[in-house]
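These are my notebook entries on one structure. I set down what I looked up, in the order in which I looked.

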Amino acid sequence: MQVVISPQSLLETGIRVEKVDDLRLFKFTDELQDRLEELMSKNQSAVLTTTEQEELNSISELDRIFTYLNSLLVAQK
């Protein structure tokens, strides 16, 4: 059985909204940010398991989505 971590599973525990200046932006919790950095480090050393690679892909996808949404919010300011 293969475990797939989807961005949806991270919504409740890995995301917060932070006020920056007069904007509210999407951010990762410290725990999720730490996990992302850990996985990226392991990826650079080529020691990720298949499950960890899927987790990294999911978190990275969520990061891309947040970057896009936050850029839209900033542009609307």
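I began with Asp 34 and found it in helix H2, residues 30-44. Helices here are DSSP runs of H or I with at least four residues, strands are runs of E with at least two, and both are numbered from the N terminus. The model is a predicted one: local features need pLDDT of at least 70, side-chain atom pairs count only at pLDDT 80 or more, and totals for chains, interfaces and linings use all residues. Residues are numbered from 1 along each chain as its sequence is written, and side-chain values use heavy atoms, with hydrogens and water left out.

I next noted that Asp 34 forms a negative surface patch with Asp 30, Glu 31 and Glu 37. A patch takes residues with over 30% relative accessible area and no salt bridge, and joins like charges within 9 Å. Asp and Glu count as negative, and the place of a charge is CG of Asp or CD of Glu. Accessible areas come from the Shrake-Rupley method with a 1.4 Å probe.

I then looked up the whole chain. I recorded three helices and two strands, in the pattern α-β-β-α-α along the sequence. Of its 77 residues, 29% count as buried; buried means under 20% relative accessible area, exposed over 50%, and partly exposed in between.

I turned to the salt bridges (a side-chain nitrogen of Lys or Arg within 4 Å of a carboxyl oxygen of Asp or Glu). The count is four.

I found Arg 16 and Glu 18 joined by one of them at 2.3 Å, N to O. Arg 16 is partly exposed at 31%, and Glu 18 is also partly exposed, at 27%.

I saw a salt bridge between Arg 35 and Glu 38, with the closest N and O atoms 3.1 Å apart. The two are three residues apart in helix H2 and therefore separated by about one helical turn.

I asked which residue forms a salt bridge with Glu 52. The partner is Lys 42, with closest N and O atoms 2.6 Å apart. Glu 52 lies in helix H3 and Lys 42 in helix H2, so the pair ties together parts ten residues apart in sequence. Glu 52 is buried at 12% relative accessibility, whereas Lys 42 is partly exposed at 24%.

My last entry concerns Asn 70, in helix H3, residues 50-76. Asn 70 is buried, with a relative accessible area of 13%. Its side chain reaches the backbone oxygen of Phe 26 at 2.9 Å.

Methods. Patches are made of residues with over 30% relative accessible area and no salt bridge: like charges are joined within 9 Å, nonpolar side chains (Val, Leu, Ile, Met, Phe, Trp, Tyr) within 5 Å. Buried means under 20% relative accessible area, exposed over 50%, partly exposed in between (1.4 Å probe, protein chains only). A polar contact is a pair of N or O atoms within 3.5 Å; within protein, one must be able to donate a hydrogen and the other to accept it, and residues adjacent in sequence count only if both atoms are side-chain atoms.
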